[in-house]
Amino acid sequence: MKNLKNDISKKDKLIFRILIDSLMVGALAGLFSVLYRFVIMKMDFYRSFLYGEFNPRSLIILIGLGAIISFIIHHLLKWAPLSGGSGIPQIRGEILGKFRMEEVPTLISKILGGGLGNLMGFSLGREGPSIQMGGAAAKGLGKILKRPPDEIKYMITAGAAAGLAAAFNAPLAGCIFAIEELHKTYSKFVLLPALIASITANYISFVIMGQETSFTFFVTESLPMNLIWVAILIGILTGLVGGAYNYLITKFQDFFKKINSKILKYALLMGVTILVGFMFFEGTGGGHGLLENMARERFAVKYILAILLVKLFYTSFCYGSGVQGGIFLPVLVIGGSCGALIFSAVHNAFGLDAFYINFIILGMSGILASVVRSPILSIILVSEMTSTFEHLIALSIVVMVSYYVAEALKVAPIYDTLFERQLKDKNLLSPKERELGDYSVFEYTITDDFKNLGKTLKEINFPRHLIIMSIERDGSEFVPGADDVILLGDKVTVLISAEDALDIDEFFKGE
């Protein structure tokens with residue numbers, strides 16, 4: 001009885017500690033995300049002056065500025081190697097014990113490198129950096145509070161979710177992101193801290209930046225069910241374009257890796273950026289303002305095609321270079337362009353003028369589903385960003401069609417691909433896994449992908465050593481023995497060595 005009371009007391013303290021930690025993580029992640037949004041907004045403003053008029057003087061200024069920014073970004077990436085790109089694969093690697101972020105260098109590199117890149121005109125977004133900064137800030141806080149390694153990893157997850165929530169004022173999407181993209185499985189240790197931190201970060205964003213959604217446009221009238229074929233068309237197009245985008249990202253990464261000279265690499269990056277800035281300024285930056293304009297005005301088909309192609313190739317080009325920046329916002333512009341193209345093709349024949357915004361929003365969800373392959377996140381994130389929940393059926397159809405089109409193309413989800421590529425880079429892997437903590441606790445929900453359903457524990461050939469701490473089944477939790485079986489729907493809690501986390505993760509998910 002005494003041991004039971006002690007266990008209950010420890011559990012109550014843990015729950016209370018998670019609550020307090022999540023509130024602090026959310027506040028900290030929210031502040032960094034808001035800071036980054038502010039920096040990006042300022043850089044957007046100054047960039048319009050840099051490319052305001054083409055003449056020898058402005059060209060010389062841009063070339064000189066490009067050289068300085070290249071030097072700074074290069075040294076920031078040397079100082080914080082894990083700060084390149086969006087940061088989402090790095091966060092997943094951190095949780096699985098494969099990467100080890102240096103918190104302060106990562107935060108500085110993301111803010112400074114991302115801001116300067118945006119000033120030049122890189123077509124990259126703010127969500128990935130916000131997610132990584134939230135995770136890095138949470139990790140630093142966990143170390144200051146001297147939390148155990150497994151709790152720090154849940155704090156990192158909560159910080160990453162909070163970063164996304166504050167970047168787009170989308171707290172529910174932050175929670176879904178933690179489940180669908182980072183852990184790829186449901187766990188109360190993931191959901192509750194992520195929810196608390198996301199709401200807190202969103203509150204911080206509202207207080208500092210104002211209580212508004214990410215985009216000002218929204219649906220005023222749901223698409224009638226007899227027009228649901230529109231959603232299928234948009235799903236097919238966004239699925240194809242999303243598959244092409246994922247393919248281009250990897251090809252441009254390979255292209256930049258073949259360039260041995262850093263000077264040549266950055267000269268090419270800055271040269272293309274300056275060219276795009278003067279020839280098609282709308283293609284620079286993340287594209288938030290461009291998407292707003294697209295929703296307010298009805299662009300000509302040729303102009304929409306230009307936006308789609310420039311964003312498709314230029315964003316892939318910028319991301320492939322490895323500089324700091326995310327892909328969500330540029331991808332949303334690509335998706336909005338897909339929706340606008342479908343609208344231009346069918347609206348006259350079927351009298352769809354009242355549903356123009358629907359096409360834009362449906363395209364945004366569809367492209368996310370094909371690129372990221374997280375369907376629920378795609379629906380919830382776009383719904384929260386546009387304050388639109390009236391047409392969930394149409395959104396769901398677009399997302400499902402786009403998802404399966406991308407799957408049929410056999411192009412892997414972008415963050416899975418980027419994560420696997422980073423695992424091959426020995427310079428990014430943690431040199432000493434034990435510094436991350438010897439053991440961590442993970443929780444897996446067993447699906448029909450698990451290849452050992454119905455087998456006893458002693459019959460299962462686990463890829464690495466682990467300790468199964470408990471199995472939760474039908475609301476009851478028990479400590480299993482060697483003769484107990486694993487069934488569909490079980491929640492299995494395991495204790496594993498940090499260096500074995502990736503193998504165990506793939507084993508339980510049937511990958």
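Modeller: Domain bounds here come from an automatic or database domain assignment. The model itself is predicted. On that assignment, the protein chain is divided into domain 1 (1–209), domain 2 (225–257 + 290–296 + 308–424) and domain 3 (431–509). Between the C-alpha centres of domain 1 and domain 3 there are 29 Å.

Now the chain as a whole. Its secondary structure consists of 18 helices and 4 strands. The C-alpha trace spans about 80 × 55 × 45 Å along its principal axes. A compact globule of 511 residues would have a radius of gyration near 24 Å, and the protein chain, at 23 Å, agrees with that. Among contacts with a separation of 6 or more, 83% join residues 24 or more positions apart.

Next, the surface. The protein chain has about 21600 Å² of accessible surface, and carbon and sulfur atoms hold 64% of it. As for charge, there are 46 positive and 45 negative side chains, with the centres of the two sets 6 Å apart. Of the 511 residues, 58% count as buried.

Is Thr417 buried or exposed? The cut-off for buried is under 20% relative accessible area. Thr417 has 16% relative accessibility, so Thr417 counts as buried. What does Thr417 touch, leaving out residues up to four places away in sequence? The partners are Thr250 and Ala412.

Notes:
Residues numbered from 1 in each chain as written. Predicted model: local features only at pLDDT ≥ 70, side-chain atom pairs only at ≥ 80, totals over all residues. Heavy atoms only, no water. Helix = DSSP H or I, 4+ residues; strand = E, 2+ residues; numbered from the N terminus. Rg over C-alpha atoms; globule rule 2.2 N^0.38 Å. Buried < 20%, exposed > 50% of the residue type's maximum accessible area, 1.4 Å probe, protein only. Contact = heavy atoms within 4.5 Å. Areas by Shrake-Rupley, 256 points an atom, 1.4 Å probe, with all protein chains shown as cover. Lys, Arg positive; Asp, Glu negative; His and termini not counted. Charge placed at Lys NZ, Arg CZ, Asp CG, Glu CD.
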